[in-house]
Amino acid sequence: MSRTALVLGAHGVIGSTLIDHLAALPDFDVVGVSRRGGSDTDQVRHVAVDLLDADATYDAMSRLPEVTHVFYAAFQDRPTWAELVAPNLAMLTHTVEAVAAHAADLRHVSLMQGYKVYGAHLGPFQTPAREDDLGHLPPEFNLDQQRYLTERQAGQDWTWSALRPSVVCGTALGNPMSLVAVLAVYATISKELGVPLRFPGRPGAYDTLLEMTDAGLLARATVWAATDPAAANQAFNITNGDLFRWNQMWPFLAGVFGLPVGAPLPMTLADVMADKQELWERIVADHDLVPTPWADVSSWPFGDAVFSWDYDFLADGSKARRHGFNEHVDTRLMFADLVADLRQRRIIP
């Protein structure tokens, strides 16, 4: 059975890992979509298009009538929650309308969400969060996107799914939401300066419960939800399956980087890293690393956000297991493996 996957947000942590997973499967052709495009390989074609431009999106999708599965992981950042709604809803709408107009064999649209659905970005929320939890006051673009997709699918032959991961961990660079890059570069610079690894977040955040989602695990879950009839037209929390506190994980991470652990010290990474570009470039030269621009490893505002959660940050992942997806990942091993990958690729020493 011929299947063609269209992955929107091809260069993000989620999208790039999903493309790698799909490309390794024997029965998927893969098309990656992003604003800057990419280099084609035998397994993956790339298309450059600005999804905010409805006409350009329609034109690009008119050349892809073979698409059967849409995996939507694109995101446009904005300064406020309210400002996120219009561009992110528009991009999804432009994509689905354009694909539906040209892809006669469209079978599924997969939407990537997150715990903003539960209000996690606003403060303490009901935990463990469940897919059927009651909603909260708008604005919230995830909810608007799902509402659009649900209404648009009514009466159609294709189905939809929504994946709700926790913090997604992978090694893709050049995007604003990479916790692994934050940890790796923060630890590398700490080691270079001869200081211990200190937890930089709010004091209460050191002791709360949270969870992570491995990007590879999420990719496998996403394809499962898009291809298993038991998962059709539903949302699923997808997490590694274990919980931790930074007060337990931080010493482990320090060990991965060969650093002593210092007492937590609240600081804003976006501020303390503002003058570290020259140091980073010297580290890259001294250790003969792959030249990686400072901007591509600087997800400091995202790190500050994650380290500020002084409330439990977790969801109930049992629904996915009840419907047939039973994979899990040890979060400690995930962090160690991802750091090892960055070292193997000569991104960090």
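Author: Ser178 sits in the loop between strand 7 (167-169) and helix 5 (179-193); helices (H or I, at least four residues) and strands (E, at least two) are DSSP runs, numbered from the N terminus. This is a predicted model, where local features need pLDDT of at least 70 and side-chain atom pairs count only at pLDDT 80 or more, while totals for chains, interfaces and linings use all residues. Residues are numbered from 1 along each chain as its sequence is written, and side-chain values use heavy atoms, with hydrogens and water left out.

Reader: Why is Ser178 called buried?
Author: Its relative accessible area is 3%, and buried means under 20%, exposed over 50%, and partly exposed in between (1.4 Å probe, protein chains only). Therefore Ser178 counts as buried.

Reader: What does Ser178 touch, not counting residues up to four places away in sequence?
Author: Ser178 touches Val13, Gly170, Ala172, Ser299 and Phe302, where contact means heavy atoms within 4.5 Å.

Reader: And what makes Ala56 partly exposed?
Author: Ala56, found in helix 2, has a relative accessible area of 29%.

Reader: Which residues of helix 2 meet helix 3?
Author: Ala54, Thr57, Tyr58, Met61 and Ser62 do, and their partners in helix 3 are His94, Thr95, Ala98, Val99, Ala101 and His102.
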